[in-house]
Amino acid sequence: IVNTQSKIKELYDFRLIMEPESAMLACKNATEEEINDIIQLAQQFKNTVHLNGNCLKADQLFHSAIAKATHNSVIYDFTDKIQLLIAENEDNPNDPEMFDEWTISDHDSIIYYLTKKDMQGAQAAMRMHIYHLIECLEH
């Protein structure tokens, strides 16, 4: 039997490798409409956090939109599979430790760089975001 916490940590380690690069590619390839969708999903996530809704699902929709904006079906498919595995192994989809003002701020930072088409900025912002999530997992 695989330790669920260990599995989750491994999934987030994989996200740390993949998602900063995805954010970079999304910066390069996203249409204006896709950027607007990402902004809308960040707002929905913020509302979900404040209402104590299903934060994990709202966060995953935000990250899926970024993966979709890469215009790379392999990245999108991998993101989808990773999210399914996280959802299957996550016992608290509304974890206030992981889904709080810090996450909202991280999302805002990612969006800032996406809208500026700053590939390195988007990459760094996503990397910091995933590091923050991993830090929450470890506490």
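Predicted model: local features only at pLDDT ≥ 70, side-chain atom pairs only at ≥ 80, totals over all residues.
**Exercise 1.** Determine how helices α2 and α3 are oriented relative to each other, and which residues make their contact.

*Solution.* Begin with the axes: those of α2 (residues 32-50) and α3 (residues 55-68) come within 9 Å and cross at roughly 170°. Since angles over 145 degrees count as roughly antiparallel, the two helices are therefore roughly antiparallel to each other. Next, list the contact residues: E34, I38, L41, A42, F45, T48 and V49 on the α2 side meet C55, A58, D59, L61, F62, A65, I66 and K68 on the α3 side. Sorted by class, this contact of α2 with α3 comprises 11 nonpolar residues, one polar residue and three charged residues.

**Exercise 2.** Classify the aromatic pair of F45 and F99, and work out which parts of the chain the pair ties together.

*Solution.* The centres of the two rings, F45 and F99, are 6.0 Å apart and their planes stand at 70°; because planes over 60 degrees apart count as edge-to-face, the pair is edge-to-face. F45 belongs to helix α2, whereas F99 sits in the loop between α4 (73-89) and α5 (101-115), so the pair links parts that are 54 residues apart in sequence. As for accessibility, F45 is buried at a relative accessible area of 0%, and F99 also counts as buried, at 4%.

**Exercise 3.** Compare the span of helix α6 with its expected value, and identify the helices against which its buried residues pack.

*Solution.* Helix α6 (residues 119-137) has 19 residues, and its span of 27 Å from first C-alpha to last is close to the 27 Å expected at 1.5 Å a residue. Its buried residues, among them G121, M126, H129 and L133, pack against α1 (4-29), α3 and α5.

How values were computed. Residues numbered from 1 in each chain as written. Heavy atoms only, no water. Axes fitted to C-alpha atoms, helices over the stretch in contact; angles between N-to-C directions. Helix = DSSP H or I, 4+ residues; strand = E, 2+ residues; numbered from the N terminus. Parallel < 35°, antiparallel > 145°, perpendicular 65-115°, else oblique. Contact = heavy atoms within 4.5 Å. Nonpolar A, V, L, I, M, F, W, Y, C, P; charged D, E, K, R; others polar. Phe/Tyr/Trp six-rings, centres within 6.5 Å; stacked < 30°, edge-to-face > 60°. Buried < 20%, exposed > 50% of the residue type's maximum accessible area, 1.4 Å probe, protein only. Expected span 1.5 Å × (residues − 1).
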